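Here is a report on one protein model.

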Amino acid sequence: MGATPSTAAEREPLLIPSPAEPVNQPVNSRVYGIRWLVLTLFSLLALMQGMVWNFWGPIQNSAARAYGFTKSDIAVLVLWGPVGFIPWLLFMWLLDKKGLRASLLLSALFMLLGSALRSVPLTDQPIRRWLIHGGQLLNGLAGPTIMSAGPFLSTTWFGPDQRATATAVASLFSYLGGAASFVIGPLIVPAPNDTQAGGSFSRGVFDSSIRNSIQLVMYAELIVIALLFGMVLLCFPSRPPMPPSVAAASQRLSYRSSICRLLSNVRFLMIALAYAVPTGVVSGWAGVLDMVLTPARVSQVDAGWIGFWSTIGGCIFGVAMARFADSIRGMLKLILVLMLAGASLASTWFTLTCLSRVTHLPSTAATLYSSCILIGIFINSSVPIFFELFIETVYPVPEGITCGVVTFLGNLVTGLLLFFLTFYCTDLSWLNWCLTGSCLFSLVLIFFFRESYDRLYLDVFVSV
C-alpha cells in the first residue's frame, strides 16, 4: 500500500568497519609458571589473615580466664574484621590504579603491624587489652584486599580453563585460616573447664599458663606473617609480561564508571544480596560458634573441631565445584541453586536440633557435627562460584572493584550481626534462626536471577 522501492543510498550499511581498525585484532596471550608462586603467596597471606581474625572466638573461655574478656568483648574482637572494611573504596581504588602488588604489600604490612601490636607482652592488663583490640583492627584492614582480590588475580595470571579454580583457591584460603584457628587455639591453649577447683595460688598458676600459651600462638603467627611479608616484597610481581586471555587484555571501565554501573545494575544488586546475606551471617555465626554450642553442652575443643571440619569441607568442596565449573561452563546458576538448597536444609536441621526441648529431635554430637559441617560445605563452597557469576554479569567492570563491593556488603552484614550480639548475647537461638532465614532468602533470589556470561563469550568466540 503505497510502498516504494528503496534507493541505493538507503541500502548502504550504517556501520562500516574502519580500514585502520580491523574487526578481529589478534591478541597474544600466554600463561607463566610463576603464576603458581603468585597464587601460593596470596593464599598463604589469606590463610594467616583468617587465622588472626578468628583467633579469639574458639578460645573464648580461656581468654575470659586469662584477660577477663566477656562475651561482648569476644564479639567485639571478631567485629574488628568487618570494621576493617569501612575504607573499602580506598582499597579498591588502590587495586584498580596501582595493581595487585602494591595492594597486597599494604595489606601484608597491616597484618604484620597488627600481629606485632597484639603480641607485646605487657603486664598491665588494661593496656594489653587495648593493644589486642588495635592489633585485631589492623588485621581487619587487610581484609578488603585479601578477601576480594582473588578473582582479579585469577584473571590477571590464569587462562579461562583455570580461572574458576584459581579464584576458589585464592578466595577460600581465608576461610581455611579461620578453620585452622578452630583447631590450633583449643589444642594449644588449655581450657579452664578441664581443671579442678583449687586454691588461689593454683588458680593463678593456671591463669599464667593460659596466658603463656596464648602468647606462644601469637608469636608463632607473627613470625609466619613476617616471613610472608618478606617473600611478597621480593618475589611478587605486579602482572605477567603478556596477558593470559583476551578478557585480561581487554579495556575495562574506569573506577568511577564501574561504581556507578554496579549500583545501577538491578541484576548485580540482586545476586550481591544473595551472596552477602548468607555468607555474612555464617561468618558472624562461625566466629562465635563456641558460644552458640555452649548451651548444647559442647566443650571448647569439640566446638573447635566442628568449626574446623565445617570450613575444611567447604574449602575442599568449593575447589572441586570450581574445577567442575571450569570444565563445564555456563552452569553457575544451577550450581548455586543446588548449594543454597542444601544450605537451607542443613541450617534448618541445626536450628531445630538446638531446640530439642521443643522439637524433641535428638541433640547428639553426631547430629551437631553433621549439620554444622553441611552448612560449611554448602555456604563456603558457594563463594568462588558467586565471584565468577558476579564478574560474568557486570563485565567489563574490573574484578577487584566488583568483588570489593560484594565483600563489603558481606562484612556489613557480619558487622551488624555481631553488633546486635554485643547486646543480645544471653540466648543465641535467634542467631540460628538468622542463619536459616538468610539461606532461604538467598535461594529465592538466585532462583529468579537471569544469568549471562559476557566475559566467557569474549574469551571463547573473540579468541576463535
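## A cis peptide in a loop

Pro396 sits in the loop between H19 and H20. Helices here are DSSP runs (H or I, at least four residues; strands are E, at least two), numbered from the N terminus. The peptide bond from Tyr395 to Pro396 is cis, with omega near 15°. Most peptide bonds are trans.

## Model and confidence

The model is predicted; local features need pLDDT of at least 70, side-chain atom pairs count only at pLDDT 80 or more, and totals for chains, interfaces and linings use all residues. Residues are numbered from 1 along each chain as its sequence is written, and side-chain values use heavy atoms, with hydrogens and water left out.

Mean pLDDT (the predictor's confidence in each residue, from 0 to 100) is 82 for the protein. Of its residues, 86% reach 70 or more. Residues 9-25 stay under 50. For that stretch the model has 2 contacts beyond four places in sequence, a contact being heavy atoms within 4.5 Å.

## The largest cavity

How many cavities of 30 Å³ or more does a search of the whole structure find? There are 3. A cavity is a set of points on a 1 Å grid over the protein atoms alone where a 1.4 Å probe fits but cannot get out; lining residues have an atom within 4 Å of a point. Points are joined across faces, edges and corners, and a volume is the space filled by probe spheres set on them.

The largest cavity holds about 450 Å³. Its lining counts 34 residues, with Trp53, Met147, Tyr175, Val282 and Ser283 nearest the centre. Elements giving two or more residues are H1 (35-53), H3 (71-83), H9 (163-188), H13 (266-287), H15 (300-327), H18 (365-380) and H20 (399-421). H13 has the largest share, 8 residues. By class, the lining has 15 nonpolar, 19 polar and no charged residues. Ala, Val, Leu, Ile, Met, Phe, Trp, Tyr, Cys and Pro count as nonpolar, Asp, Glu, Lys and Arg as charged, and the others, Gly among them, as polar.

## The second largest cavity

This cavity holds about 150 Å³. It is lined by 13 residues; Ala325, Asp326, Arg329, Glu388 and Glu392 lie nearest its centre. H9, H15, H19 (382-394) and H22 (454-462) each give two or more residues. The lining has 6 nonpolar, 1 polar and 6 charged residues.

## The second largest pocket

A pocket is an open set of points with protein on both sides within 12 Å along at least five of seven lines. Of its 19 lining residues, Phe152, Thr156, Arg239, Ala248 and Arg252 are closest to the centre.

H4 (88-98), H8 (150-157) and H11 (246-249) each supply at least two lining residues. H4 gives the most, 4. The classes are 9 nonpolar, 4 polar and 6 charged.

## H1 against H6

H1 and H6 (residues 125-141) pack at about 145°, with axes 10 Å apart. Axes are lines fitted to C-alpha atoms over the stretch in contact, and angles run from 0 to 180 degrees between N-to-C directions. The crossing is left-handed: the near helix is turned anticlockwise from the far one by less than a right angle.

Gln49, Val52 and Trp53 of H1 meet Gln136, Asn139 and Gly140 of H6. This contact has 2 nonpolar, 4 polar and no charged residues. Trp53 is also among the residues nearest the centre of the largest cavity.
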